Amino acid sequence: MNQRYVYILAALLTVIGSSVFFYKWQVLGFPVTEDQETAVWTVESAVHFDSGPGSIKVQLHVPSLTPGFRMLNENSVSRGYGFSLNYGSGGREAQWAIRRADGEQTIYYRISVYEDGSVDESDTTPPFPPKPVINEPLNTAVEILVDDVREHSADTTSFTTELLRRMNEASPDSNVELLLSGVSSSADFVDVVTMVLASARIPARMVHGFPLAGRQRSASLVSWLEVHDGDQWLYFNPATGEQNLPERFLIWWRGNEQLVNVAGGSNVQVDFAIQENHLDAVTIAETQAAQRGTAAVDFSLYSLPIQTQAVYSVLLMIPIGALIMVIMRNMVGIDAFGTFMPVLIALAFRETKLFWGVILFTLLVTLGLTIRFLLDRLRLLLVPRLSAVLIVVVILMLFISLTSHRMGMDSGLSIALFPMVIIAMTIERMSVVWEERGPADAIRAGLGSLVVAVAAYIFMGMQWLEHLIFTFPELLLVILALVVLSGRYTGYRLTELRRFKELSSR
Amino acid sequence: MFSVAKSLRAAGVLGLNERNAEYIMRLNPRRLYPRVDDKVLTKQLALSAGMAVPDLYGVIAHQAEVRNFSAMVAERDSFVVKPAQGSGGDGILVVTGRSQRKRDSFRLSSGMLISEGEIQHHLSNIVGGQYSLSGNRDKALIEYCVRFDPTFAEVSYQGVPDVRVVVYRGYPAMAMVRLPTRASDGKANLHQGAVGAGVDLGSGRTMAGVLDDLLVDEHPDTGALVADLEIPQWDFILESSARGYEVTGLGYLGVDMVIDAERGPLILEMNARPGLNIQIANCAGLTGRMQRIEEIFDAASRPAERAAIARTEFSA
């Protein structure tokens, strides 16, 4: 009965702890390892124009569906303008409006994105486009071209590839030449391709964007071709017919509408600048959590002041030390002084480092014990004796620090970090055990404490573990579950196997 | 490693974790601990239950009472000073006589002389809590000094040999004799180097001994054989141990008795967390016996009946 509650409690703690962990890890993208950085690109578009006499309205296409990228944040800088975001036929549009403006105007729109493979286009499947109405003689040229390409292709993909190949030929046939006669830009070219594809009842559209790479002071838009094969959108390089998007291609807007539309202004010009930053993965995960409005971010340790964070990154390792302690004492069966003394010693080892830690600890306890035995002859009462040992420990620490500093070994200075009260208690306990049970028992338990402390230090010093617990403090629930479970461990301790070996041979 | 654990499990050997989790926590409620941890209280309870205990000469509970010491022992030549909440035999002074010339100088069992002032300092230490389990203030007992039965004279080095019986839910489950050695400094604690010898519950005779977890045949100091000694008044010892259950209410109990040459077996102290070495001394596991006791447990049975059942059930 009792046992069942323990299992239920442990299971509950584990489930809660690990599901919060899993959510933060998989959904919010908190990093499980340290020093994970994510590249963040900030794209700034600046709309310049000369204001006219009346009211001004500026419409700019901004990214809406961005396969491969997730938006971190966006903002607009425009003095005096009213700003709103709307959905238009080509996706999202930013709109600025002002009653009156004088002279040259510049409006900024800035968006920060980071790569996230899990962002798939959640676009709907478009209907088959109606056959466009095209004037002669272009209509005949389109029909001949479509029939011709259809004969040389099997499906949407190969149709598009074949069409693009023909239209990009150095010496195109007369029909293609006719179609391309008015084309002056790559956007116009893609427009014509879209029209031909529409005649073949293939949904296609133009996408505009940039390949994000490093820092670009003035990036120019690239037009790409997007074709729907009935299942998904496919991307084609209009100049080569090659399938696929350029690497890290951020789609700014779709369709053949103008990027910007300024009513009441002239001399419109749009500049793009791209900047690449590296942001801590934790920061990005937190921003994302904040966007989703989850509570995870409110309880994140990263929201604490930096000094407090430093304290907690150490404190959160104490449960790990306690778990090691439980394992060493109840499963391995190592004798140690004081329940948590080894954990506190291990904390001190973090500063002194292992080698010097062990040396300083041994030195301190040995000297302390010697003086404690001398004090014993004075027959002091318990509390004054303990206080005397404590004072002796402080004096010894000071002495060791000063001596090692004079000898030029600064490692000795870190002895000041040892928990002096705990060490004083340890010395007292050890001397009592020494007298009552003999030196062998006292030294064995002393060494046992040191072994447990070293084991705890090794685990508490694991950087990845520290990061993991600090980023996912809910894992403490899992540790709690383990400790609760081990509280009902009734098997033999490892040392008992040796102790009772006379009995096992029978 | 696992095979060792398996064979231990098969032999019914009780481990520390299992003892603590399954027996002590389940059967020994914390509130009953003072009954065994405070020797003054243990003595009162045992006396009121009609059990034999060493006579109490006096209790010193406060520092101010330390000076009453000489009045308490004015009539006595031999006595024992012990802390009420001591553990493992620590802080015990055994005074066997007085100096011929000076009445305020005492002779310890080791032969050393000790002045009254030194005993008073020792009493102050006890009252101050130096030997108590928790480090809290304590009381000092001054009681009758057992003149132990010659049965174990050959296999003891100074000190007082005692009989430890582990009582499970009122039924004696296992017993051993603890024999002091030079290494144990006259104390009867196995982890301090005393020899433990398992006792056959049926016959009350000792079996092979154990020293530092290893089986031995001879006492390391006297060289006498440890095995096959007959413990006097074995029936009475088992019945007194069984009665310890009624007195303390503890389901997993260790009862320590000494055998006085004149007064017979006396209860020295009782223990709520008796150690596991008794298994090594008996070459047998406790778990099996405790499971058997669960089967035959009868809440209405009397101590004498339970002692008799244990004699037949757990006879070698």
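**What the terms rest on**

Modeller: Chain B has 10 helices and 13 strands. This is a predicted model, and 47% of the 316 residues of chain B count as buried. Among the contacts in chain B with a separation of 6 or more, 62% are between residues 24 or more positions apart.

Biologist: What does the predictor say about its confidence in chain A and in the complex?

Modeller: Chain A has an average pLDDT of 83, with 95% of the residues at 70 or higher. Within chain A, helix α6(A) has the lowest mean, 74, and helix α15(A) the highest, 93. For the complex, the ipTM is 0.74 and the pTM is 0.69.

Biologist: And what are the values for chain B?

Modeller: The mean pLDDT is 87, and 97% of the residues of chain B reach 70 or more. Confidence in chain B is lowest in β11(B), at a mean of 82, and highest in strand β7(B), at 93.

Biologist: What makes β7(B) "largely enclosed"?

Modeller: A residue is buried if 20 or more other C-beta atoms lie within 10 Å of its own. Of the 7 residues of β7(B), 7 are buried, so the strand is largely enclosed by the rest of the structure. D162(B), R164(B), V166(B) and Y168(B) point one way, V163(B), V165(B) and V167(B) point the other way, and all are buried. In a regular strand, side chains alternate between the two faces of the sheet.

Biologist: How do you know that β7(B) pairs with β8(B) and with β12(B)?

Modeller: Two strands pair if DSSP finds at least two bridges between them. β7(B) and β8(B) have 7 bridges, in the antiparallel sense, and V163(B) stands opposite V177(B) in β8(B). β7(B) and β12(B) have 6 bridges, also antiparallel, with D256(B) in β12(B) as the bridge partner of R164(B). Both counts meet the cut-off, and therefore both count as pairs.

Biologist: Which residue of the hairpin of β7(B) and β8(B) takes a positive phi?

Modeller: R169(B) does, with a phi near 50 degrees, in a hairpin with 2 residues between the strands. Most residues other than glycine have a negative phi.

Biologist: What makes G80(A) exposed?

Modeller: G80(A) has 10 C-beta neighbours inside 10 Å, so it counts as exposed. G80(A) is in the loop between β3 and β4 of chain A.

Biologist: Why are β3 and β8 of chain A called edge strands?

Modeller: An open sheet of 5 strands runs in the order β3-β6-β1-β13-β8 in chain A, with antiparallel pairing. β3 and β8 of chain A each pair on one side only, and they are the edge strands. Within this sheet, 14 bridges join β1(A) to β13(A), and V47(A) stands opposite V270(A) in β13(A). Helix α6(A) packs on the sheet, touching β1, β3, β6 and β13 of chain A.

Biologist: Which residues of chain B touch chain A, by element and by kind?

Modeller: In total, 29 residues of chain B are in contact with 21 residues of chain A. Elements giving two or more residues to this side of chain B are α1, α2, α6, β11 and α8 of chain B. α2(B) gives the most, with 5 residues. By kind, this side has 12 nonpolar, 13 polar and 4 charged residues.

Key. Residues numbered from 1 in each chain as written. Chains lettered and ligands numbered in written order. Predicted model: local features only at pLDDT ≥ 70, side-chain atom pairs only at ≥ 80, totals over all residues. Helix = DSSP H or I, 4+ residues; strand = E, 2+ residues; numbered from the N terminus. Buried ≥ 20, exposed ≤ 12 C-beta atoms within 10 Å, placed from the backbone. Contact = placed C-beta atoms within 7 Å. Nonpolar A, V, L, I, M, F, W, Y, C, P; charged D, E, K, R; others polar. pLDDT = per-residue confidence, 0-100. Axes fitted to C-alpha atoms, helices over the stretch in contact; angles between N-to-C directions.
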